[in-house]
Amino acid sequence: MSELVFDHVTVRFRHHTAVDDVSLVVRSGTTHGLVGESGSGKSTLARVAVGLERADLGTVRLDGVDLGRAARARRKVQMIFQDPFAALDPRMPVGASVAEGLLATDRKWSRADRATRVRELLDLVHIDPARASERPARFSGGQRQRLTIARALAAEPAVLVADEITSALDVSVQGVVLNLLRELQAELDLTMLFISHNLAVVRYVSDDVTVLRGGRVVEQGATDAVLADPADPYTRELLRSIPVLGRPLDLEA
Ligand SMILES: Nc1ncnc2c1ncn2[C@@H]1O[C@H](COP(=O)(O)OP(=O)(O)OP(=O)(O)O)[C@@H](O)[C@H]1O
């Protein structure tokens, strides 16, 4: 089991409340989408989960353990960031970058085991393992994002937090990365908090959804139910930007 619970979380920056009493549950083996316009508090909430930000009130718990008090448990929550160009050290062979993720596991890895695991991880994200010695500059944006996913998976996370991971990519590549995530979800039974300002993207990967506005939850529930019958005008507004059924997803919005 790996359930991530945000329990009445509030985060303030000086007099500004970025996250205001937010509660949500990322159920084990499911993807929870977090959607809302720019500045609604999505990234701040994600940063609290991985310990980059502190909650002023409330707790984030992984399987009952308060992550605010347990740095070790926080390593079980791994974040994938928006910009795959900034996320990989340009001087390092990509295999070495992926291997960095193994440091977050509690095991000691022999050189041979490490190399084998890196090959497996590259294979999992459909990057030719023979390219492990190449630098990031030789890879496209979409390939780099797949490399950062491999590095996050190397850490054997209980929960993955994906923050706008497709928004820096060309629209043609976004679908490839989203499809990979769906494939990994099915294969590895991933538990994931998936953040995007784009409801079409969230709908594509999420079992449950929380809609944030101005740091507050305005709507929450099973994705299908929420999108079929949104109770809040703001969600209806976000939905209007999604193309009707039968037309391709507008992943660029
Ligand atoms: N370190 C900080 N210091 C002060 N204010 C901050 C800080 N980080 C975020 N904020 C503010 O908190 C609010 C929420 O920001 P946050 O980045 O969480 O929103 P977001 O929904 O992720 O937006 P975006 O989609 O643009 O990333 C914004 O008003 C932002 O300006």
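Tutor: Start with the classes: Ala, Val, Leu, Ile, Met, Phe, Trp, Tyr, Cys and Pro count as nonpolar, Asp, Glu, Lys and Arg as charged, and the others, Gly among them, as polar. The model is predicted, so local features need pLDDT of at least 70 and side-chain atom pairs pLDDT 80 or more, while totals for chains, interfaces and linings use all residues. Numbering runs from 1 along each chain as its sequence is written, and side-chain values use heavy atoms, without hydrogens and water.

Now the shell around the ligand. The members are F13, H16, A18, E37, S38, G39, S40, G41, K42, S43, T44 and E164. By class, two are nonpolar, seven polar and three charged.

Next, the elements, which are DSSP runs numbered from the N terminus (helices: H or I, at least four residues; strands: E, at least two). β2 (16-26) and α1 (42-49) each supply at least two shell residues. α1 gives the most, with three.

Look at the polar contacts (pairs of N or O atoms within 3.5 Å). In the side chain of T44, an N or O atom is 2.5 Å from a ligand oxygen. The backbone takes part too. A polar backbone atom of S40 lies 3.0 Å from an oxygen of the ligand. For G41, a backbone N or O atom is 3.0 Å from a ligand oxygen.

How much of the ligand is covered? Taken alone, the ligand exposes 630 Å², and the protein buries 58% of that. These areas come from the Shrake-Rupley method with a 1.4 Å probe.

Key:
Near = heavy atom within 4 Å. Polar contact = N/O pair within 3.5 Å; in protein donor to acceptor, adjacent residues only side chain to side chain.
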